[in-house]
Amino acid sequence: MTQQLMNMFVYAVATMDTKGDEICFVADKISQTGIKVKIVDVGTANSPQRSPDIGKETIAACHARGAQHVLDQTDRGMAVTAMSEALENFLLQELNENRIAGVIGIGGSGGTSLISRGMRALPIGLPKLLVSTVASGNTQPYIDCSDITMMYSVVDIAGLNNVSEVILNNAAHALSGMVNNYSRPETENKAIGMTMFGVTTPCVDAVRKKLESRGKNCLVFHATGTGGRAMESLVNSNYIDQVLDITTTEVADEIAGGVFPCGEHRFESIVHNRIPCVMSLGALDMVNFGGLETVPEKFKNRNLYVHNPEVTLMRTNVEECTAIAKWMASRINQSKAPFTLVIPEGGVSMLDAPGQPFFDIEADEALFNTLEEMVEQNNERKILRSSHNINDPEFAELLLDALADVLDMNGTP
């Protein structure tokens, strides 16, 4: 055991009223590798099959509304939800005390939902593994944009047998390997987070290449709903300390009901962590749907563009652009770090240019003017307008100059 792990633990989590033997088996295998383990019970029904190190009462007490809010629930779904909230709070508390070396969980559909919430709240890179009966299906609701490793249990987690023991043994040793080789993010070598879409690629590539030529570490995220959230999770995990949020298209899908929504918490990590940010309006001219046949009936007569057989784009109108601007401004106004919004008056994407199918001056002006009206500008929160299209080389240079300015205001070399 390394010196770093001396006062840290792997937390082995399960609903021990049904999976006590199995989680104890996992914990024993991890202990045999020399790593200290604490077994955590998050059961919401009966007494545990085996004695945990941390009982469900302790976890439940971490809920914002107290232990009884969790333990007195009579509806199973509500009980699981409440316990998942309590587990998240518990794990974050242990993280703040620097006691977590890793987390491993086992569960069926309910246990997977319960445990994964707490895992998602932990930093990117911290070892987390979940053995689940639902890991062979759609895992997006459990993983979202985190780095949880999910392992399919093959058989149900219902007793120890010649198959489950092999799977659980592999999981235990996989988690042990992660813990023993975990490398914490270098605090002196953080990255610049950038967002990109196909129709803003020339801009983002030009900015990225210029920054990389100066020795900067650039992380580019595809703005497909999870991309923006993934970038912000890395902000929370201390990997990113500057943001070039060039392509904010996910907000359009959030407002209009497209398939790549940003989620209600978009921009919050940037704001709360006081990250210097340059933002633009990349691809806010479009809402994403699947194939043409998937476009909702109410949008059938809108300006639609078939990008490929699986992707159909819809041009945002004046009403939607106004709503997008208000949504963004309400979050931008909470920023306490140097921030600059750069508006490309010549169009926000490849398709939003003279002669292109989404060129719509009226809709763009609704977006631009509402932002300028709603964003509360001050010495550190500014709006710049450019006559260029977002993909013009001159606009890329303007973004770079704006980044230099916000970093200078922030005292960042």
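Mentor: Buried means a relative accessible area under 20%, exposed means over 50%, and partly exposed lies in between (1.4 Å probe, protein chains only). The model is predicted, so local features need pLDDT of at least 70 and side-chain atom pairs count only at pLDDT 80 or more, whereas totals for chains, interfaces and linings use all residues. Residues are numbered from 1 along each chain as its sequence is written, and side-chain values use heavy atoms, with hydrogens and water left out.

Trainee: Why is E88 called buried?

Mentor: The relative accessible area of E88 is 19%, and the limit for buried is under 20%; E88 therefore counts as buried.

Trainee: Why are α4 and α5 called roughly parallel?

Mentor: Helix α4 (residues 76–96) packs against helix α5 (residues 109–120) at an angle of about 25 degrees, with the axes 7 Å apart. Angles under 35 degrees count as roughly parallel, over 145 as roughly antiparallel, 65 to 115 as roughly perpendicular and the rest as oblique; α4 and α5 are therefore roughly parallel.

Trainee: Which residues of α4 and α5 meet?

Mentor: With contact defined as heavy atoms within 4.5 Å, the residues in α4 include V80, M83, L87 and E88, and those in α5 include L114, I115 and R117. The residues of this contact divide into seven nonpolar, three polar and four charged.

Trainee: What links E397 and K210?

Mentor: Their side chains form a salt bridge with an N to O distance of 2.9 Å. E397 is in helix α14 (residues 393–410) and K210 in helix α8 (residues 201–213), 187 residues apart. E397, at 35% relative accessibility, counts as partly exposed, and K210, at 29%, is also partly exposed.

Trainee: How far apart are the closest N and O atoms of D364 and R315?

Mentor: They are 3.0 Å apart, and the two residues form a salt bridge. D364 lies in helix α13 (residues 361–374) and R315 in strand β12 (residues 311–315), so the pair ties together parts 49 residues apart in sequence. Both D364 and R315 are buried.

Trainee: How many salt bridges does a search of the whole structure find?

Mentor: The search finds 17. E232, D245, E250 and R266 are linked in a network of salt bridges.

Definitions and conventions. Axes are lines fitted to C-alpha atoms, for helices over the stretch in contact, and angles run from 0 to 180 degrees between N-to-C directions. Helices (H or I, at least four residues) and strands (E, at least two) are DSSP runs, numbered from the N terminus. Ala, Val, Leu, Ile, Met, Phe, Trp, Tyr, Cys and Pro count as nonpolar, Asp, Glu, Lys and Arg as charged, and the others, Gly among them, as polar. A salt bridge is a side-chain nitrogen of Lys or Arg within 4 Å of a carboxyl oxygen of Asp or Glu.
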